[in-house]
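Dear colleague,

I am handing over the structure that we spoke about, with the sequence alongside. Please have it open while you read the notes that follow.

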Amino acid sequence: MSHLYRHLRVHQIFGANTDVGKTIITTALVRASTLKNQNAYYLKPVSTGAPQDADDAHIERYAGPHEHLLNTHCLFRYDDPVSPHLAVRMSSQRSGVESSAPSDQTFINAVAEHIRACARTGKPGHMYVETAGGVHSPTLSGTTQLECYRPLFLPTVLVGDSKLGGISSTISSYESLSLRGYIVDAILLFRDDYYQNHAYLSPYFAERGVQVTALDPPPPLQGNINEDRSTTEAYYAKLVPKNLESEIYGTLQHLDSCHGRRIKELDSMPRRTLDTVWWPFVQHGLVQSEKDVMVIDSAYADFFSVHHSSSEAPSSSLLAPKLDGSASWWTQAVGHGNPTLALAAANAAGRYGHVMFPQATHLPALKLAERLVHEGPGKGWASRAFFSDNGSTGMEVALKMALRSFSIAEKELTHGDKKDLWIVGLKGSYHGDTIGAMDATEEGVYTCEWHQSKGFWFEPPTVSIKDGEFVVTVPSSISASTTSVQFDDLQFLYDVENRLSSPLAATYRAYVKNALQVLVQKRGRKLAALVLEPIVMGAGGMIFVDPLFQRALVDAVRDTSLFENPLPVIFDEVFVGLHRLGAQSCGPILGVHPDIAVYAKILTGGVLPLCATLASERVFRAFHSQSKVDALLHGHSYTAHAVGCQVANTTLDMIDKLSQQDAWRSARTKWGHDAAAQPESSSTTVWSFWDPGFVRSVSKLDIVDETMYLGNRPCHQVQGRWCRYELIDKMKSSGYASHTAQGVLRSIGHAVRDDDALSSAPGGAPFGIHFRTLGNVAYFMTSLNTPQGTIEEVENRLWKTLLTKRSEV
């Protein structure tokens, strides 16, 4: 994903099947390149069979009169003429020494390093990387070629099949490549006047903007080596003439044009973006130049492939990997460009497209609703799932549900009373950017001119790590005598049930009860719902709230001595739910269930928008009558779109499998938990993929005010993969307006290689880290399957950066 050079055009050669002429056509391309006085680099990553029959040997043999411009190389060579995954196994068996196949990462890093080595020569030219067999043929590890090579994201030439059945295999191969995001620049195949596949495929692909070129086939081999070599050389001389006029030169010119257009477009994108796009959450007045625009060419796993128009050296790639350190605004579950999710989306798009949902159903939506209600976060309390398009609209739905439910229970409410209902929440909360969701928060940086706060917000006690100690900081409004409480164990801090009998719990209960009584009895406020972001308030500053306090709030609004009709409780789990913190829902951590809960972001694995609002039967019944006007009159055109629902079901399947894999068990063991414990039999545990020693050490740096991390496994063996760092703001401009965190950590955005070791990025290139800040708070978040090696690299980079900044202060 980091290979785009001004001086070196690189193409990967895939075949629609085995024995379609990949090597012959690649030889023609190589020969044409050299005849045009271009250096030609040929790479055969894997070769199986006798060395004299190897593809790289064929390329060298028929390189033509300018063979001095050719460089060939093979990375892995095996004797048996079989599929690479079998060749590895046979080689091991024959040697009598048990050896495993190189991993996909090792294999791809070797390919990437060779491409970089060729680029570093500085010589302009063309490079061709020829695969083996068809697009789905296995590589050394057994992974199909399409999946294995995808991290490199090299532009592709597809060699079509000219034989019987070749139309189908060529189209299928193209679709398989396209489905995984590959750029297919050209299709070449042999001309066969009997089957005439080329005649069918040319207009078919012309409609799709792909050039098809038909070449004369090679002469049949006669079995006489000298004669065969002579006739083959004559064939290439005719196919690739010295006068530089033939179909293959037209293909060469087309590939050069594709390469040039791609670079030109990438170079132009920053200026075009600045002239046209209005970004969310960006002050355009602070964007100083085109260099401030991050151009993302592609993405794979945990990394963006980012364009840099002025690279450090003329021979350097114009693309570089950059870690997606915010999980693309908290949406990523299994990494970018995941083929399983792409297939799920394509399947639903092909079967349904979009179909309207009112008084209808389809399998993806029904299965997702059943799963969320009966097996997922709604298990044990929810009876219905309402679909919308994103977290903010999902919260709008939740508020409508709660207010109607309350109004039905409070039979004496006048029309004026209903227009003046208040909610109860926490200071620093955020529930979305739509007007209704904003009205459920206090005045702040996210609100707008139409904002009208309709509620009361408690200042919450917070959880953090300060100087290596777990601390609950209690606001003076709650207790003048108890400002903080230290805990030796994070697990106990989140064991809410055991803390209910603590003195702090009594303090919380008394404070909450008194505040609510004042609001209702003295001020006459009609409180109609409690709205919480359980455990962590995200956009408000990644604020970890003491779960005991949130439990006290829930208990209070359900206390019939305070409220004749208990208030509906909404859990905004758009950010924290579905395993981001380690649980499907934070309800089991608090020891209570909500009446309404909202889930989005991670729901579709970061592929497309979708939201589900779950509700209890009591809430659903508040809208149930024989009058249409009593229904929940809310929806959007793409409600329960089949593509999103299908992707969501697939995402949840993948997360379930991840929760049982060794990486998660290993992390639990590191945190002192029983890795063998089954999810359904374990009590609530707290753990993380971030190293506990690292996070506590960072909290002791004088440049850092506090840190926090969390990964919970209350009901299922799952994990949280993110960290929070609050940096001391010397300018005292804390909060969203502060630029402290961005300034202190700016250097980690640049790629750094301290030694010759390869990085964990696809292809092993050095990578920068893209991260988001909330004022003086920096947070780092990964997918749910980010390799441990990548997390450790991030930890090392953060540690070095903070130490450097510390010495500068």
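Across which strands does helix α6 lie, and at about what angle does the helix run to β5? Helix α6 (residues 166–179) lies across β1, β5 and β6, and runs at about 160° to β5. The angle is taken between N-to-C directions on a scale from 0 to 180 degrees, with axes fitted as lines to C-alpha atoms, for helices over the stretch in contact. Helices (H or I, at least four residues) and strands (E, at least two) are DSSP runs numbered from the N terminus.

Before the rest, a word on the source. This is a predicted model, in which local features need pLDDT of at least 70 and side-chain atom pairs count only at pLDDT 80 or more, while totals for chains, interfaces and linings use all residues. Residues are numbered from 1 along each chain as its sequence is written, and side-chain values use heavy atoms, with hydrogens and water left out.

The parallel sheet

Strands β1, β5 and β6 belong to an open sheet of 7 strands, whose order is β3-β2-β4-β1-β5-β6-β7 and whose pairing is parallel; two strands count as paired if DSSP finds at least two bridges between them. At the edges stand β3 (70–78) and β7 (211–215), each with a single partner strand, so one side of each has no neighbour in the sheet. From one strand to the next the twist averages 20°. Strands β5 and β6 (residues 184–190) run parallel and are joined by 4 bridges, with V157 standing opposite A186 in β6. Helix α1 also packs on this sheet, touching β1 (8–15), β2, β3, β4 (125–134), β5, β6 and β7, and its direction makes about 175° with that of β4.

In the loop between β2 (39–48) and α2 (55–61) is G49, which is buried at a relative accessible area of 6%; buried means under 20% relative accessible area, exposed over 50% and partly exposed in between, with a 1.4 Å probe and protein chains only. Leaving aside residues up to four places away in sequence, G49 touches Y78, D79, D80 and P81, where contact means heavy atoms within 4.5 Å. The C-alpha atom of G49 is separated by 9.7 Å from that of S83, which is 34 residues apart from G49 along the chain. The other loop, between α5 (145–149) and β5 (156–159), holds F153, a residue other than glycine whose phi is positive, near 50°; F153 counts as buried, at 8% relative accessibility.

Helices α1 and α9

The axes of α1 (residues 22–35) and α9 (residues 247–276) come within 10 Å and cross at roughly 80°. The two helices are therefore roughly perpendicular to each other, a description that covers angles of 65 to 115 degrees, with those under 35 counted as roughly parallel, those over 145 as roughly antiparallel and the rest as oblique. A28, L29, A32, S33 and L35 in α1 meet I248, Y249, T251, L252 and L255 in α9.

An open sheet of 4 strands has mixed pairing and the order β8-β9-β10-β27. Its edges are β8 (295–300) and β27 (768–770), each of which has a single partner strand. Strands β9 (residues 303–307) and β10 (residues 319–324) run antiparallel, joined by 5 bridges, and V306 has A320 in β10 as its bridge partner.

In strand β12 (residues 421–426), 6 of the 6 residues are buried, so the strand is largely enclosed by the rest of the structure. L421, I423 and G425 point one way, while W422, V424 and L426 point the other way. Strand β12 pairs in the parallel sense with β17 (residues 526–532) over 4 bridges, and 4 bridges also join β12 to β13 (residues 455–458), again parallel. I423 has bridge partners in both strands, namely A529 in β17 and G455 in β13.

Cysteines

The structure holds 0 disulfides, a disulfide being a pair of cysteine sulfur atoms within 2.5 Å. The cysteine sulfur closest to that of C74 is in C118, 13 Å away, which is too far for a bond. C74 counts as buried at 13% relative accessibility, and C118 counts as buried at 5%.

With kind regards
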